[in-house]
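Colleague: Could you walk me through how to read a few features in this structure? I would like the general idea and then the case at hand.

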Amino acid sequence: MGKVVLRLAPFPSGSLHIGNARGLFVNQEYRQRYRGKFFLVFDDTVGSEEKRPVPESYDLILQDMAAAGIQPDAIYYKSDRLELYYRDLPRLLDLGAAYVCTCPAELLRKNREAGVACPERSRETPWQRDQWAGMLGGRYAPGEAVVRIKTDMGHPNPAFRDRVLFRISDFHHPRVGTRYRVWPMLEYAFAIDDVELGITHVIRGKELIIEDMMEEALWRALGLRGPAFLHWGLLRIRETKISKSKSYQDVKSGAYDGWADPRTWSLSSLSRRGIRPQAIRDFVLSFGLSQSDIEVPAETLYAENRRLLDPTTPRRAFVPRPRRLRVEGMPGDLRVARLANHPERPEMGEREVEISDAFFLPEADLLKNAGKEIRLKDLLNVQLPPQVPPSEGVEADGEAGAEVIATFTTRPNKPLPRIQWVAAKGATHIDVFTLEDPHLLGMGEASLSSSREGQLFQFERFGFVRADPQPEDPEQPRRFIFAHP
RNA sequence: GCUCCUGUAGUCUAGUGGUCAAGGAUAGAGGCCUCUCGAGCCUUUGACGCGGGUUCAAAUCCCGCCAGGAGCACCA
């Protein structure tokens with residue numbers, strides 16, 4: 001068996017998204033299985049008006065890959081390889097496999113649709129050569145001349161009729177500026193690179209099938225042998241539209257908190273939420289290489305991650321939208337509560353929480369259980385007053401509504417609604433970033449204020465979270481990013 | 001419209017002619033818990049798109065139909 005060489009070729013327009021992750025992990029899987037090589041090829045030709053390379057995304061993509069624990073065997077930039085792309089074109093012209101076309105874009109499109117060939121298609125080689133030299137030499141402005149492959153103007157699929165191989169662009173490129181004006185289309189650049197880099201298998205989404213067929217047409221013309229293609233269908237997470245350009249706008253405008261904003265669903269945002277690369281890997285690999293298009297609920301990804309986190313993640317108390325509760329008749333000896341860090345793993349130890357008669361509880365739970373007896377989880381049972389008037393606009397510190405007065409009943413565990421609580425004494429302000437609410441405020445137990453960046457917790461009856469970096473201003477609430485229930 | 005692709009439970013997937021009265025995951029339902037009823041654990045409901053054919057035998061092979069999807073840029 002020959003050596004397997006793979007490539008991932010992202011367009012640098014932001015952090016990798018969950019869709020790119022499929023390419024990343026599938027290729028990585030094949031690299032490992034066949035002890036092959038895996039190259040990162042930045043697909044950074046100039047793009048178009050709507051789709052331009054974004055300077056900072058080169059680093060973002062590198063970081064995403066590092067975070068996923070995947071080290072490419074080599075990194076290439078298409079923008080470094082223009083001369084290489086220019087090299088083989090004259091031969092294509094000589095072979096009569098390509099030609100320079102100066103039809104305006106609009107006419108070109110119309111003729112293609114009608115199956116009408118451009119008169120320049122059949123011009124002789126010296127003329128074509130001269131025109132190519134003219135394109136490189138500045139004879140034409142953007143839009144005035146392109147190189148087209150000669151396939152078949154009568155092909156039943158208009159998409160196959162003499163596609164454009166090179167065009168002129170004056171866009172400023174983040175890496176090479178305006179050094180080049182004549183840029184290859186993706187399919188031409190890859191036709192050269194895939195052979196040049198010795199790629200054996202291209203595994204990617206089926207949206208590029210036509211481009212892959214164009215590569216094959218070019219190899220036939222040049223007498224080259226290229227890699228085999230494998231495709232998968234489109235993957236969508238139900239909860240989101242995967243659109244890098246939309247995310248890019250919100251990141252750029254500041255509406256989003258950078259590429260690590262959970263709403264981008266970028267790889268960096270998933271990592272910020274505490275979603276493990278391993279979970280993402282298992283998730284995308286579970287779909288195999290089917291060409292059907294699938295839409296999967298994020299819950300499936302969460303389930304993978306939960307399986308990884310649950311056994312080792314310490315539990316903590318957090319009360320979203322809190323309301324202050326005072327317990328009358330607290331047993332006098334109750335000064336300290338000892339709480340297990342994990343209900344099933346005593347070896348993870350316990351923590352001590354100082355308590356008084358003042359607590360924070362989720363207002364929603366107080367409203368729901370008004371007049372009933374409830375259990376403050378792991379602590380004691382209380383009777384709630386018959387009426388709990390809702391506070392208007394719950395404040396983050398639970399001080400908005402009037403204090404709710406409950407009465408102590410008993411200590412031992414009983415089958416009551418078990419509600420999480422935070423002791424008012426030493427409670428710390430928490431600000432949780434969820435998909436629905438970028439600032440879900442609440443109160444957490446004291447120890448949370450000193451958690452280090454990257455620490456994972458399960459907030460009981462709330463979900464798994466990951467600690468953001470310590471805020472510079474200690475008065476600011478501690479920030480956690482919500483992963484999933 | 002054209003080209004290509006795909007059809008297994010609500011969703012995703014295993015399955016390559018017999019071991020499939022179809023396996024797993026997730027969701028749903030029910031239950032358990034000296035303490036998360038939004039976690040965990042247990043149980044459970046639920047599928048081969050339709051119609052023909054080939055064969056002793058079909059989810060698997062063939063044909064037709066139907067239904068979905070993707071692509072159809074001087075973007076990637």
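Predicted model: local features only at pLDDT ≥ 70, side-chain atom pairs only at ≥ 80, totals over all residues.

Colleague: What are the domains of chain A?

Modeller: Domain bounds come from an automatic or database domain assignment. Here, domain 1 covers 5-79 + 188-245 + 274-303, domain 2 covers 84-184 and domain 3 covers 314-485. The centres of domain 2 and domain 3, taken over C-alpha atoms, are 66 Å apart.

Colleague: Now a sheet, please. In what order do the seven strands of the open sheet run?

Modeller: Strands of a sheet pair through backbone hydrogen bonds, either parallel or antiparallel. Strands (E, at least two residues) and helices (H or I, at least four) are DSSP runs, numbered from the N terminus, and two strands pair if DSSP finds at least two bridges between them. The order in this sheet is β21-β18-β19-β20-β14-β17-β22, with mixed pairing. β21 (418-419) and β22 (422-423) are at the edges with a single partner strand each, so one side of each has no neighbour in the sheet.

Colleague: Which pairs are parallel and which antiparallel around β18?

Modeller: β18 (residues 373-376) pairs with β21 in the parallel sense over two bridges, and R375 has R418 as its bridge partner in β21. With β19, β18 pairs in the antiparallel sense over four bridges, and there R375 stands opposite N381. The hairpin of β18 and β19 has three residues between the strands, and D378 takes a positive phi near 65° in that hairpin.

Colleague: And what does β20 pair with?

Modeller: β19 (residues 380-383) and β20 run antiparallel, joined by two bridges, with V382 opposite F408. β14 (residues 322-328) and β20 (residues 404-408) pair in the parallel sense over four bridges; R326 has I405 as its bridge partner.

Colleague: Is A406 buried or exposed?

Modeller: Buried means under 20% relative accessible area and exposed over 50%, with partly exposed in between (1.4 Å probe, protein chains only). A406, in strand β20, counts as buried because its relative accessibility is 0%. Contact means heavy atoms within 4.5 Å, and A406 touches residues including L325, R326 and V382. A406 and L325 are 81 residues apart in sequence but 6.9 Å apart in space, C-alpha to C-alpha.

Colleague: What does the side chain of R167 reach?

Modeller: R167 lies in strand β6 (residues 164-168). A salt bridge needs a side-chain nitrogen of Lys or Arg within 4 Å of a carboxyl oxygen of Asp or Glu. R167 is buried yet has no salt bridge, and the nearest side chain of opposite charge, E187, is 8.1 Å away. Instead, the side chain of R167 reaches the backbone oxygen of G47 at 2.7 Å.

Colleague: Last one: where is H17?

Modeller: H17 is in the loop between β1 (5-8) and α1 (18-34). H17 counts as buried because its relative accessibility is 15%. A polar atom of the H17 side chain lies 2.8 Å from the backbone nitrogen of G19.

Definitions and conventions
Residues numbered from 1 in each chain as written. Chains lettered and ligands numbered in written order. Heavy atoms only, no water. Lys, Arg positive; Asp, Glu negative; His and termini not counted. Polar contact = N/O pair within 3.5 Å; in protein donor to acceptor, adjacent residues only side chain to side chain. Lists of a residue's contacts leave out its neighbours within four places in sequence.
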